[in-house]
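This report is written for a reader who is meeting this protein for the first time. Please look over the sequence and the model before reading on.

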Amino acid sequence: MKAPVSDSAVDEFVARIRSGIPVGELFPGKMSECDFTVSQREKIRKARAEKKAALKNGKISFNSPHPQPNKSLPEPPTARALTKLKKILYLQGGACFFCGMPLNEEHASVEHLNPKSRGGASSEDNEVVCHKTLNHALGNMDLKRKFEFVLKSKGAFRCPGT
Ligand SMILES: [Zn+2]
């Protein structure tokens, strides 16, 4: 009969599992389940389960001198994407959405047609770029009043047949 496995050897074994160090030859010869006591088996089982869970969550890295980059992550963009303002202004042909006058970025701001304070979305179907001054004046005016105001101020809009 083999000598019982010492608790300290099991502790070392468990510590190596946890830190990702190769387990190596800690025990004399080939071991089987019945060479360990119930509590030793439980310790090892727990350490293996924790290690497996940690690896799955990507929380623990191996002590590799040259860690490999995670291939599943997307490459960082080489050029910064256009800001929202630049993009919308570009799509509006560089003109204010409301008055149609040429608009520089420094005088422009993103206006939410349906104000955010009234539940309007921060998505491009609710956003236009206009003069900052107008954006400020419109405030959180609701869409109906805003529409009315713009139509009345422009004056160029005519219904068909009138
Ligand atoms: Zn304008």
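## Elements and numbering

Helices (H or I, at least four residues) and strands (E, at least two) are taken here as DSSP runs, and they are numbered from the N terminus. In those terms the protein has five helices and two strands, and from the N terminus on its elements follow the order α-α-α-β-β-α-α.

The model is a predicted one, in which local features need pLDDT of at least 70 and side-chain atom pairs count only at pLDDT 80 or more, while totals for chains, interfaces and linings use all residues. Residues are numbered from 1 along each chain as its sequence is written.

## Burial and contacts overall

A residue is called buried if 20 or more other C-beta atoms lie within 10 Å of its own, exposed if there are 12 or fewer, and partly exposed in between, with the C-beta atoms placed from the backbone. By that rule, buried residues make up 8% of the 162 residues in the protein.

Two residues are in contact if their C-beta atoms, placed from the backbone, lie within 7 Å. Of the contacts in the protein with a separation of 6 or more, 53% are between residues 24 or more positions apart.

## The first helix

Helix α1 covers residues 7-19, and at 1.5 Å a residue its 13 residues should span 18 Å, which agrees with the 18 Å between its end C-alpha atoms; the expected span is 1.5 Å times one less than the number of residues. Helix α1 is followed by Gly20, whose phi is positive, near 80°.

Which residues of α1 are buried? They are Val10, Phe13 and Val14, and because they cover an arc of only 95° around the axis, they are on the same side of α1, where the arc is that of the directions from the helix axis to the C-beta atoms. An α-helix has 3.6 residues a turn, so residues three or four places apart point the same way. On the other side of α1, Ser8, Ala15 and Ser19 are exposed.

## How α1 meets α2

The buried residues of α1 pack against α2, which covers residues 38-57. The two helices, α1 and α2, pack at an angle of about 5° with their axes 9 Å apart, which makes α1 roughly parallel to α2. Axes are lines fitted to C-alpha atoms, for helices over the stretch in contact, and angles run from 0 to 180 degrees between N-to-C directions; angles under 35 degrees count as roughly parallel, over 145 as roughly antiparallel, 65 to 115 as roughly perpendicular and the rest as oblique. On the α1 side the contact includes Asp7, Val10, Phe13, Val14, Ile17 and Arg18, and on the α2 side it includes Gln40, Lys43, Ile44, Ala47, Arg48, Glu50 and Lys51.

Ala47 belongs to helix α2 and counts as partly exposed, with 18 C-beta neighbours inside 10 Å. Leaving out residues up to four places away in sequence, Ala47 touches Val14, Ile17 and Arg18. Ala47 and Phe13 are 34 residues apart in sequence, and their C-alpha atoms are 9.3 Å apart in space. Lys46, also placed in helix α2, is partly exposed with 13 other C-beta atoms within 10 Å.

## The nonpolar core

A nonpolar core is a set of buried Ala, Val, Leu, Ile, Met, Phe, Trp, Tyr and Cys residues joined through C-beta atoms within 7 Å. The largest one here has seven residues, namely Leu89, Cys96, Phe97, Leu103, Ala108, Val129 and Cys130. In soluble globular proteins, nonpolar side chains tend to be buried together.

Phe97 lies in the loop between α3 (84-91) and β1 (108-112), and with 20 C-beta neighbours inside 10 Å it counts as buried. Apart from residues up to four places away in sequence, Phe97 touches Gln92, Val128, Val129 and Cys130, and the C-alpha atoms of Phe97 and Cys130, 33 residues apart along the chain, are separated by 5.3 Å. Cys96, when its neighbours within four places in sequence are left aside, is in contact with Met101, Leu103, Cys130 and His131.

Beyond its neighbours within four places in sequence, Glu127 is in contact with Ile88, Val110, Glu111 and His112.
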